[in-house]
Amino acid sequence: MTNTIQIVSLEKTGKESSLQKEYNNNSIKILDGYFFSKKLDDKKFKKISKLISNQVSQKILTKKNVNNILSKYSKFNWVIEIKFLPGVTDNIATTVKEIITDNLKNSFKNFQLGSTKIILVKGSKKDITKISNNEANPLIQTIKIYPYKKYLDNFKKNTFTLEKVKLPKKKYIKKEIDLSISDYNLNLIGKLGIKENDKSRRGTLGLDLESLKTIRNYFYSVKRKPTDVEIETLAQTWSEHCKHKIFSAKIDNIKEGIFKKYIKGATEKIIQLRKDNFCVSLFTDNAGGIEFNKNWIVCHKVETHNTPSALDPFGGAITGIVGVNRDCLGFGKGAKPIANTYAYYLAHPSKKYQLYRQKNNKDPMLPADFIAKGIISGVRVGGNCSGIPTPQGNIYFDDRFAGKPLVFCGTVGLIPRKIKGKLAHKKKANPGDIIVMVGGRVGKDGIHGATFSSEELDPNSPVSAVQIGDPITQKKMSDVIIRELRDENLYSSITDNGAGGLSSSIGEMAKESGGFIVDLEKVPLKYDGLYPWEIWVSESQERMTLAIPPANVKKVIKRFNSRGVEATIIGKFIRKEKAIVKYNKTEILNLDMEFLHEGYPKLNLKTSFPKKKKKIKKIIKNISLIEKLHKLLSSPNIVSKEFVATQYDHEVQATSIIKPLQGEGRVFGNATAIKPLFNDEKSIALSQAAYPQYAETNPYQMAASSIDTAFKNLIVSGANLKKIAILDNFCWCSSDDPERLYQLKEAAKACYDYSVAYKTPFISGKDSMFNDFKGFNRSGKSIKISIPPTLLISSIGIVDKISHLTKITPEKGDILIVLGNTYNELEDSVYKKIIGSEKTKSPNVDAKLALKTYKNFAKANKLQLINSAIGIDIGGLGIAISKMAIASKQGLFIDLKSQKKISINEFLFSETQSRILVSIKKNNVSKFKKIFNNSNYTFIGKCTGSNTIEFKNEKKIMIGKISDFEKSYKQRIKGL
Amino acid sequence: MRVIVLSGYGINCEDETLHAFEVVGFRGSIVHINDLILNPKQLDNYQVFAIPGGFSFGDDTGSGNAMAKKIMINLYDQLLNFISKDKLMIGICNGCQILINLGIIPETSTKEPEVALIENNTGNYECRWVDVKVTNKSSPWLSNITTLHLPVAHQEGKFMIPNNINNNYIGLQYINNKRLAKGKFPYNPNGSQNDIAALTNKYGNVLAMMPHPERALYHYHVPNWQNDIFKKYGDGYKIFVNAKNYFK
C-alpha cells in the first residue's frame, strides 16, 4: 500500500539540462510525483502508474527500487519537494484524476490528489536554497527541503503527505455590518476589510471613507444595515479596476473627465469625420470591434495583469492571457480568438534589487529574473495550450519596473457580422432569461483581485488574490461556444467572469434586462466551506456567464456536458431594476441597480505642473561609430527577442503571413500580420508601441510618439491607412499625486490630438493607475518605487491585398531612402542613455508632415515601388540600417554626407518620430520622386550585397561586418 | 473521398487540417471525440483519419498520453480496424504524440508504446521552420517527395527509440543543407534520435509526424515568401496531394 506515485525520466530531460547548466551542477534530477489522499493497493498502484507514465522513457519508483534507480544518476544528498498550496489550481492533478476516473470507474473513487515536483540534488545546503528560491514560489507552493536519506525513509515508511484544503466550518450565511461607526473604524473596513468573528480582517476592500459614507447613507435610506455580501459587491463594482474612477472624474476644468473628453471624444469626432462603417462596436463591450470585410468583424482587446504577475509571475501572466481571450469570447455573441499580443515592461533580470514588502528583510519581492521568466512562460503556456497564435509582442527593461512589472496581454478575435440574420455584435439579456455559469468551478482563488489591483502593492496585499489559469478547461468551453452554440443563436447574451467574478459579470449583464435574482448555493464549488460572499466575488478562472431563453436552456447545458464542460443554472434576469442574491432562500443581497452601478462618489481631481528633475549626465568618449552600433544593438531594449518568439507558437491556425522573425537573418520585427480567412486575401497587421523613457520629460510627446509609432508600423507593413484602429492602455503610478495627474492629462490630450489628426479611432482601452511599490530595501529603509508613466498603444489594421505586405530585406542594387526629416532629438534616446550626449531635445511629432509621408508611402507601396521598408524607432536610423542588413544578409553603403544640417550621431541615433527607411529598385527612382514630390526624404545610400555595412563621411569609411552586428544583436539577455 | 478530423479536449489544429484536405479535393468533417465514441460506426464513411495538432489535456502526464488513454478504452479496436483496411491515417504533432502513445506506430502488434516522444533538449517550446528529408519513400503519404520545408511547434518532440528501428519505419528526418542534421540545433530542433521527425507503420498507411504540413500549405505561409511571389503552394501541400492521389 502506498499513497504516492513517483516517476523518473530515464534520459536527461530538457528541463534537467537547463537546470544543470544554470546551477553548473550535473547532479540534478527532477521527478514527477503524485500524492493521493487515499492509499493505493498494489494492483491499483500498478494500474494507475501505467496510466500516467511512459514505459519507454520513464520508470516508476517503488519502495524496493527507489535507491537502486536513483543512485545511478548521482549520490544525491538533498531533496526539494514542491507542491501547490491547498486550493491553488493544480492542472496536472485534474488531468490525472480524469484519466483515473475514466479507466478505473467505480473501483477507485472519492479521492484527492496533488501533483508534486521533486528535485534531487547533490550539493551544499546553500546550493539547495538557491535552487528552491528560484524554482518555487512560496506564495502558491509549499517547499520542503530535506536530506535524501529522509526521502528514502519516507518511501520505506510511506510518510509522504498530501495537504488538503481544510476550511473551517461555515459559521454564517450573511453578516450584518454596522456602519454607524467612527471614521477611523470605517477606514479600517475600507483598507483592511470586514472584521470576522475572530477579529481577523478579510482583506482590503479598496473603499475610501467617502465611498463608505455613501454606502452608509444608502442603507440609512432603506432603513437597514448592509450585509457583508452587499459591501463586498459594492467594493468590487466600484473598484478602480471596474469603474475607472480616475478616468471618469472631473479633473481641473474638464467636467466630463479625460476618458469622455479625450479618448471617447476623439473617437466620436473621428466617426463624424470619416463617415464610413469602419467602427462597429466601441467601448461598450468586452473588446472593440471594426470591420474586417463584408461578412466579418474583427475585435481587439488588451488587458494588464501587473499586480498578480508581481506576486506570482507565471500564474499572473497565464491568467492575463487566458483572461483577455475570454474578453474576445465575450465580445458580442462570441468572437473566436485568432491572435494574442504581449508586451512586458520589466526590471533588468540580471540585477538584484532586493526589495521587501515588510521591515527587517521580511516578505521579499521575487527576484527580477524569476519574475521575467515566469511571465514569459505564463503567456507561453496560456497561448500555446489554447491554440491561439502569439505573433506580436515586445519586451522593455528599466529599473523602475523593479517594484511592479507591467504585463500587457492582448487578443484579436473574429466574429461574423450576422448570425441567423441578426447582428452578431449585439447582445441583450432579456427579462426571464436564465443565468447559466459555464466552465470551471469556484474556489477561494482570486478573492479580492479587483479591489486590490486598485491599490499599491504593500504588506497588506492579500495572497489569495492569485489565480492560475487552466487553458484546457477554457479551450473546451471556448470550443463549445465558438464552434457549436454561437452560430445556432441559442443564447441572448454572454460575458466573461474576470475581475469581481459573478458579482461583476451578472451585474453588468443585468443592465441589459433590468436586474437579476441569483441562487448562490447552486454555484458548483471546488471544495466545501466557502462563504457566500466568497462565492459571489471569487475570480476563479475559465468561466463565462450566459443569458439563455428558458426554452434553450436544456439544449445548451446538454451540449456543454457532452463536451466535458460543466454548465449550471444559477438564477435569472428580471425586468425590475434590482440586484438580488439568495443563499438557500435567505436573501443576502438586495440593491438598487442604479446605486450598484452609479452610486459611487465621483472624484474631483486637480493637477499641478511637475517640478523638473535633474538628470545625470555621462558621455562615453573616444568610441568609434561601429563600436557605438555594437553597444546599442546589444543593449537590452534593442537586442533581439527571438528567444521569446520561438517559444510562442505563432503558426497555429495557419494564418501567419508576416512572422515575428523576419528575413533570412531573423530580425525581431515591430509589426506582424495574420491572414485569418483562407478565402479572403485580406490580412490583419498588428503592432504596438510605448515610450515610458520619454514620460518624465514630456508626457504629451510620449503619448504622441506611441501613437505615431504604432500607426506608422502598420503603414510600413502595408495596412490601409484608412483601416487602422488603436487601443490605449494607460499604466500610471501614484495617481493621487497632482503631478502624476498632470502627466496623465497631458498624455490623454495627445491621444485626442494625434488620433484625430490620423483619423484613427480608439476602439478599446484599459487603465491601471497605481503601479507603485511601497516597502523596504535591504537595509530596512522604507522606499517607494513607481513605474514611469507608460501608455501602450496597440494598433490593428487591415491589409487589403497580399501584394501590399512589405518585407524588411533590401536586395542588391536597391537605393536606400529615409522618409521624413531627422532632427537633433536625442533626449531620452537609447543613444543618450548608453553613450550620452550634450544639449538635445526630445522627439516632437509633426502629425501633418507624418501623415503626408505615410500617404505617399502607401501610394508608392500600392504601385509596388517599395522593395523593402522598416519603421525607424528606438535607437534611430543606425539601428534600422543594421536590422535591414542583418535580416537580408546584404551589405549596405551609407553616405553620411547625404544630409548636412545635423551631426553624424544625430543623424544615425536621433529618435525623431515618423520616419521610415525604405529601399527601392534603381529603375524606380524617378517614379518615386514623382510621388514624393521632392519633399521630406533623403537618399542615404544603397544595398551593395557585400558582407559589411559601410559608413562614409568626408574623410573616411567606417566598416563593420554584418556577422559581427548580428552577433551583438542576438546576444542573450543576461539573466534570462 | 472523405476525411474525418478529430477534435476536443485541447486539440486545436482541426480547422486548418480539414482545410488542407479540402484544398486537394477531399470532403470531410471535424468530429468531437465524444461524438465518435458514441457512434464509432461513422468511421466507415471515411477513407482518411486525421488527428491534428494541439494540446490535448494540456500535455499533462506527457504529451498525447491522456488522449491516448481515452482512445485506448473507447476506440482502440475501431482504429485498428480502420488501419487494417486500405485507408490512411495521419497524426500531426499532438496527433503524432497520441499515435505513438497508443503504440500504433511503428509496430501495431501490442497496446504498448515502443517509442517515446520526450522533452526537447532545449527544455523549451520550439516554434521554427525546419528542413526534413523523406526516408520511407514507400509510404503513400510521402511518395515522390525528397525534402520538405515545414514548421515545427512543440515542447516534446524528441523521439526516443530504445531498440534500433528499421529504416522502413522512418518517415522523415531533419536535415541541415541536404545532409542529416546529426542532432545539431536548430536543424534538429529537439535532439531527436537519428534526427527522426516522423515515423510510419509497417505498411506506410499510418504517418505520425511532428512537423505541421497544414501550416505550410500555401506559399505565403513560408518564411520570406516575398522573395518569390509567383508560387502558390508550400511544401505541406505535397503530403495532402499524396493522400488524394492514393485514392485516385
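Predicted model: local features only at pLDDT ≥ 70, side-chain atom pairs only at ≥ 80, totals over all residues.
Colleague: What radius of gyration does chain A have, and what would a compact globule have?
Modeller: The C-alpha trace of chain A spans about 85 × 75 × 60 Å along its principal axes. The radius of gyration is taken over C-alpha atoms, and the globule rule is 2.2 Å times the number of residues to the power 0.38. For 976 residues a compact globule would have a value near 30 Å, which agrees with the value for chain A, 29 Å.

Colleague: How many helices and strands are there in chain A?
Modeller: Both kinds of element are DSSP runs numbered from the N terminus, helices being H or I with at least four residues and strands being E with at least two. On that basis, chain A has 31 helices and 42 strands.

Colleague: Is A:Lys245 buried or exposed?
Modeller: A:Lys245 lies in helix α11 (residues 245-248) of chain A. A residue is buried if 20 or more other C-beta atoms, placed from the backbone, lie within 10 Å of its own, exposed if 12 or fewer, and partly exposed in between. Because A:Lys245 has 22 C-beta neighbours inside 10 Å, A:Lys245 counts as buried.

Colleague: How are α17(A) and α20(A) oriented to each other?
Modeller: Axes are lines fitted to C-alpha atoms, for helices over the stretch in contact, and angles run from 0 to 180 degrees between N-to-C directions. The axes of α17 (residues 471-485) and α20 (residues 553-562) of chain A come within 10 Å and cross at roughly 125 degrees. Angles under 35 degrees count as roughly parallel, over 145 as roughly antiparallel, 65 to 115 as roughly perpendicular and the rest as oblique. The two helices, α17(A) and α20(A), are therefore oblique.

Colleague: Which residues of α20(A) make the contact with α17(A)?
Modeller: Two residues are in contact if their C-beta atoms, placed from the backbone, lie within 7 Å. From α17(A) come A:Val480, A:Glu484 and A:Leu485, and from α20(A) come A:Val556, A:Arg559 and A:Phe560.

Colleague: Which element gives the most to the side of chain B that touches chain A?
Modeller: In this interface, 50 residues of chain B are in contact with 49 residues of chain A. Elements giving two or more residues to the chain B side include α1 (14-24) and β6 (126-134) of chain B. The most, five residues, is given by α3(B).

Colleague: How are α4(A) and α3(B) oriented to each other?
Modeller: The axes of α4 (residues 91-104) of chain A and α3(B) come within 10 Å and cross at roughly 10 degrees. In α4(A), A:Thr95, A:Ile99, A:Asp102 and A:Asn103 meet B:Ala66, B:Lys69, B:Lys70 and B:Ile73 of α3(B). Given the crossing angle, α4(A) and α3(B) are therefore roughly parallel.

Colleague: Which residue just after α1(B) takes a positive phi?
Modeller: Within α1(B), the buried residues are B:Glu14, B:Glu16, B:Thr17, B:Leu18, B:Ala20 and B:Phe21. Just after this helix, a positive phi of about 120 degrees is taken by B:Gly25.

Key
Residues numbered from 1 in each chain as written. Chains lettered and ligands numbered in written order.
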